[in-house]
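Welcome, and please open your viewer.

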Amino acid sequence: MKNTLKYSLAMRKNPVHPEEPEKAYASLQLNGVLDINALAAHMSNHNSIYSKGTIVGIITDMCHCIKEAITEGNAIELGELGRFTPSITSEGTLPGVDDEGNPKTAMEMFTEANIKDVNVNYELGAGLDFKREDFEFEFTTTRKAQAAAKKAQKKGESSADWGDE
């Protein structure tokens, strides 16, 4: 049996080609968010020998260990869950001159100050290889329209105004 994902529509411009007209795009409507406790309870209820508390502890400890391993310059391969790989972003440098006016290459002009951020890239593992054919899709109104309709219904009104969609 396929799971059903709900979506609404939104008009958006293409950020790469802002001169093009807006197009209608699908936007996934989430049912909610599972925090670590809810996920652990869900896992525990799948005939696990581990309690919710044990699972929360394992996940929490795993996060600390992943962070430690990444700060040591390691990528983390977690089988079907996926791979976490550290990366950095930096500002590029051009050739220039030093304080005495001597020419310097772009490589010589680069300093540690040009490194702006540390990121962690995540790559899905085989256990999380979602495919379109795994799902059915159901159109629904946007959350904004749903809230406006609910508000109007509570006031006994027969229509709602939710502004431009």
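Start by selecting Thr4, Leu5, Lys6, Leu28, Gln29, Leu30 and Asn31, the residues that line the second largest pocket. Keep in mind as you look that this is a predicted model. Strand E1 (residues 3-12) gives the largest share of its lining, three residues. Sorted by class, the lining of the second largest pocket holds three nonpolar, three polar and one charged residues.

Next, select Asn31, Gly32, Val33, Leu34, Ile36, Leu39, Met43, Ile55, Ile58 and Ile59 to see the lining of the largest pocket. Colour helix H1 (36-44) and helix H2 (52-71) too, as these are the elements giving two or more residues to that lining. The volume here is about 320 Å³. Which classes make up this lining? Eight of its residues are nonpolar, two are polar and none is charged.

Now for the aromatic rings: the whole structure has three aromatic pairs. Show phenylalanine 84 and tyrosine 122, whose ring centres are 5.0 Å apart and whose planes meet at 40°, so this pair is tilted. Phenylalanine 84 sits in strand E4 (residues 82-90) and tyrosine 122 in strand E7 (residues 115-124), so you are looking at a link between distant parts of the chain, 38 residues apart. Phenylalanine 84 is buried, at 19% relative accessibility, while tyrosine 122 is partly exposed at 38%.

For the last stop, pick phenylalanine 130 and phenylalanine 135, another tilted aromatic pair, with 6.2 Å from centre to centre and 40° between the planes. Is phenylalanine 130 buried or exposed? Phenylalanine 130 is exposed, with a relative accessible area of 57%, whereas phenylalanine 135 is buried at 18%.

Definitions and conventions: Residues are numbered from 1 along each chain as its sequence is written. This is a predicted model: local features need pLDDT of at least 70, side-chain atom pairs count only at pLDDT 80 or more; totals for chains, interfaces and linings use all residues. Side-chain values use heavy atoms; hydrogens and water are left out. On a 1 Å grid over the protein atoms alone, a cavity is a set of points where a 1.4 Å probe fits but cannot get out, and a pocket is an open set with protein on both sides within 12 Å along at least five of seven lines; lining residues have an atom within 4 Å of a point. Grid points are joined across faces, edges and corners, and a volume is the space filled by probe spheres set on the points. Helices (H or I, at least four residues) and strands (E, at least two) are DSSP runs, numbered from the N terminus. Ala, Val, Leu, Ile, Met, Phe, Trp, Tyr, Cys and Pro count as nonpolar, Asp, Glu, Lys and Arg as charged, and the others, Gly among them, as polar. Rings of Phe, Tyr and Trp (its six-membered ring) pair if their centres lie within 6.5 Å; planes under 30 degrees apart count as stacked, over 60 as edge-to-face and the rest as tilted. Buried means under 20% relative accessible area, exposed over 50%, partly exposed in between (1.4 Å probe, protein chains only).
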